[in-house]
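This report describes the overall fold of one protein model and then a few of its residues. Please keep the sequence and the structure in view while reading.

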Amino acid sequence: MKLARFNEGGRVRLGVVVDRGIVDLSRAAPELPTDMLEFLEAGEPAWEKARVATRRPPDYPLDAVHLEAPLRNPGKVLAIGLNYGDHIKESGMNAPKHQVWFNKQHNCITGPNA
């Protein structure tokens, strides 16, 4: 299941991407949290309601909405460099002996194609 935050008509909501559309969870299951982090923290009961919601037709085609960053206010972002073979190969570097950690600023998180 692909969860998404999306903007349609100036309102940002949670949805589930189904085929080439998106099911608006505020319509399909209005009792669910409207914030992605709260949804994730709600656990399996929230996931099950979202699964049930995907049985209905999408509310909007994907090209009619703007996909947003997955989390509204992410905290710190930690990443590991050179963490898979193809990336090591394309970088021309040797595989590191230890993990190479780096951070990114919270404002680097954007939606698709942003």
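## Report on the model

Leaving out residues up to four places away in sequence, asparagine 94 is in contact with Leu82 and Ile88, where contact means heavy atoms within 4.5 Å. Asparagine 94 sits in the loop between α4 (85-91) and β7 (100-104). Helices (H or I, at least four residues) and strands (E, at least two) are DSSP runs, numbered from the N terminus. With a relative accessibility of 67%, asparagine 94 counts as exposed. The classes of accessibility are buried (under 20% relative accessible area), exposed (over 50%) and partly exposed (in between), with a 1.4 Å probe and protein chains only. The C-alpha atoms of asparagine 94 and leucine 82 are 9.0 Å apart, and the two residues are twelve residues apart along the chain.

This is a predicted model, in which local features need pLDDT of at least 70 and side-chain atom pairs count only at pLDDT 80 or more, while totals for chains, interfaces and linings use all residues. Residues are numbered from 1 along each chain as its sequence is written, and side-chain values use heavy atoms, with hydrogens and water left out.

Proline 96 is also found in the loop between α4 and β7. Proline 96 is partly exposed, at 31% relative accessible area. Its contacts, not counting residues up to four places away in sequence, are with Leu82 and Ile88.

## Overall fold

The protein has four helices and seven strands. Along the sequence they follow the pattern β-β-β-α-α-α-β-β-β-α-β. The radius of gyration is 18 Å, well over the 13 Å that the globule rule gives for 114 residues, so the protein is more spread out than a compact globule. That radius is taken over C-alpha atoms, and the globule rule is 2.2 Å times the number of residues to the power 0.38. Along the principal axes, the C-alpha atoms fill a box of roughly 50 × 30 × 25 Å.

Of the 114 residues, 28% are buried. Among contacts with a separation of 6 or more, 56% are between residues 24 or more positions apart. The accessible surface comes to about 7,900 Å², and carbon and sulfur atoms hold 51% of it; the area comes from the Shrake-Rupley method with a 1.4 Å probe. The protein has 15 positive and 14 negative charges, and their mean positions are 4 Å apart. Lys and Arg count as positive and Asp and Glu as negative, while His and the chain ends are not counted. Each charge is placed at NZ of Lys, CZ of Arg, CG of Asp or CD of Glu.

Is arginine 13 buried or exposed? Arginine 13 is buried, with a relative accessible area of 6%, and its place is in strand β2 (residues 11-18). Aspartate 24, in strand β3 (residues 21-24), is buried at 1% relative accessible area.

The side chains of arginine 13 and aspartate 24 make a polar contact of 2.7 Å. A polar contact is a pair of N or O atoms within 3.5 Å; within protein, one must be able to donate a hydrogen and the other to accept it, and residues adjacent in sequence count only if both atoms are side-chain atoms. The side chain of arginine 13 also makes a polar contact with the side chain of tyrosine 60. Residues up to four places away aside, arginine 13 touches residues including Phe6, Glu8 and Ser26.

| Side chain | Partner side chain | Distance |
|---|---|---|
| Arginine 13 | Aspartate 24 | 2.7 Å |
| Arginine 13 | Tyrosine 60 | 3.1 Å |
| Arginine 72 | Aspartate 35 | 3.0 Å |

## Loop and end residues

Arginine 72 lies in the loop between β5 (66-67) and β6 (77-81) and is exposed at 53% relative accessible area. Neighbours up to four places away aside, arginine 72 touches Arg5 and Asp35.

Aspartate 19, in the loop between β2 and β3, is exposed at 69%. Its phi is near 55 degrees, a positive value in a residue other than glycine. Asparagine 113 lies in the segment after β7 and counts as exposed at 85% relative accessibility. Phi of asparagine 113 is near 65 degrees, also positive in a residue other than glycine.
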